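Biologist: I am new to this one. Could you show it to me and take a few questions?

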Amino acid sequence: MSLLNWIEFQSLGDERGGLVALEIGMEKAVPFEIKRVYYIHHTEAGVSRGFHAHHNLRQVAICVAGKCRMVLDDGFSREETWMNSPTRGLLIETMVWREMHDFSDDCVLLVLASEHYDELDYIRNYNRFIASKKTRIVKYDERFLKLSWEWLNDPEIKALTMTPDFTRLQQLEFYKSLDGRSNYKIFGVMFGAELVGACGLKNIEAEVAELWLYIGVKKYWGIGIGREVVNFLEGEAASIGLKGLYLKVAVSNISAQTLYKKNGFKEVITEAESYLVMEKSFDSISNKV
Ligand SMILES: CC(C)(COP(=O)(O)OP(=O)(O)OC[C@H]1O[C@@H](n2cnc3c(N)ncnc32)[C@H](O)[C@@H]1OP(=O)(O)O)[C@@H](O)C(=O)NCCC(=O)NCCS
């Protein structure tokens with residue numbers, strides 16, 4: 001499906017010149033209630049604009065004068081078009097990355113927006129945008145089990161995740177036991193079509209559980225997948241009524257500690273020497289760790 005969704009407006013012009021009217025409820029209208037209108041004009045030569053996506057905002061862009069080149073990217077495909085007609089609008093849906101290039105001196109790009117301005121709605125980091133489009137949390141099945149064996153036996157990942165020695169048979173028994181367990185949830189992590197890791201909640205009690213995750217494919221470290229997984233697990237925990245989460249992370253695992261801190265986890269003082277315990281409560285109630 002193309003990203004270039006055009007709305008052809010009815011042209012009401014006559015021999016005197018052009019006229020386009022946009023009215024709520026009319027046929028071929030803008031498919032949302034317009035809460036904000038802005039326009040981009042007199043863009044300096046050689047300057048490109050945009051470079052962001054929105055979580056919730058929908059927009060229709062209309063080039064009312066001049067021209068510019070619009071690039072849209074949904075994380076899977078990238079399409080571009082010249083914006084050069086005042087009688088059609090380009091509908092830009094949520095979670096679509098947009099860039100505008102090659103503005104003519106006289107270009108005026110009018111944008112109709114479905115929401116008021118909200119800085120929190122912007123995604124300005126392209127890697128983060130791609131991670132949130134491509135990261136999928138799915139059922140953990142035999143394919144993941146086989147890969148987990150390889151991932152967790154990699155010396156670096158084994159150390160970072162503090163995984164004890166285990167045999168293939170123990171791993172299979174663990175996998176078979178999962179069906180009957182209510183205190184353990186396990187998921188596979190995919191990036192696009194690729195299986196890249198695993199995550200879950202363990203030691204699930206009435207109010208808290210222990211979060212765990214690893215990305216087994218090293219080339220995907222540091223591109224935002226971990227952040228997506230933590231967000232998912234927090235949602236999962238909240239959905240089963242938990243009040244908070246805790247986790248254990250190796251003292252030497254700085255990247256994981258950074259990830260957790262950036263997601264609001266705080267270190268809990270313990271006597272453990274080789275690992276830190278971190279916790280996050282979803283409300284003000286302090287967690288049992
Ligand atoms: C630790 C791990 C889960 C982090 O996931 P990730 O997808 O690589 O991390 P993200 O890209 O989502 O990064 C999230 C934040 O952590 C920080 N971070 C990630 N990698 C980092 C690194 N190598 N050094 C410092 N900070 C790092 C980043 O600052 C990033 O914040 P930003 O988006 O504001 O820049 C992942 O790298 C991994 O699985 N490593 C091996 C196994 C492991 O350590 N598991 C955790 C056991 S507790």
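Modeller: We will go through a sheet and then a pair of helices.
This is a predicted model, where local features need pLDDT of at least 70, side-chain atom pairs count only at pLDDT 80 or more, and totals for chains, interfaces and linings use all residues. Residues are numbered from 1 along each chain as its sequence is written, and side-chain values use heavy atoms, with hydrogens and water left out.

Biologist: In what order do the five strands of the open sheet lie?
Modeller: Strands (E, at least two residues) and helices (H or I, at least four) are DSSP runs, numbered from the N terminus. Two strands pair if DSSP finds at least two bridges between them. Pairing in this sheet is antiparallel, and the order is E6-E5-E8-E3-E10.

Biologist: Which residue of E10 stands opposite His 54?
Modeller: E3 (residues 49-54) pairs with E10 (residues 122-123) over two antiparallel bridges. E10 is an edge strand, pairing on one side only. The residue opposite His 54 is Tyr 122.

Biologist: Which residue in E8 is the bridge partner of Arg 49?
Modeller: Three bridges join E3 to E8 (residues 97-101), and the two run antiparallel. Gly 50 stands opposite Glu 99. For Arg 49, the partner is Met 100.

Biologist: How are H1 and H5 oriented to each other?
Modeller: The axes, lines fitted to C-alpha atoms over the stretch in contact, with angles from 0 to 180 degrees between N-to-C directions, belong to H1 (residues 126-134) and H5 (residues 225-239) and cross at roughly 50°. Angles under 35 degrees count as roughly parallel, over 145 as roughly antiparallel, 65 to 115 as roughly perpendicular and the rest as oblique. H1 and H5 are therefore oblique.
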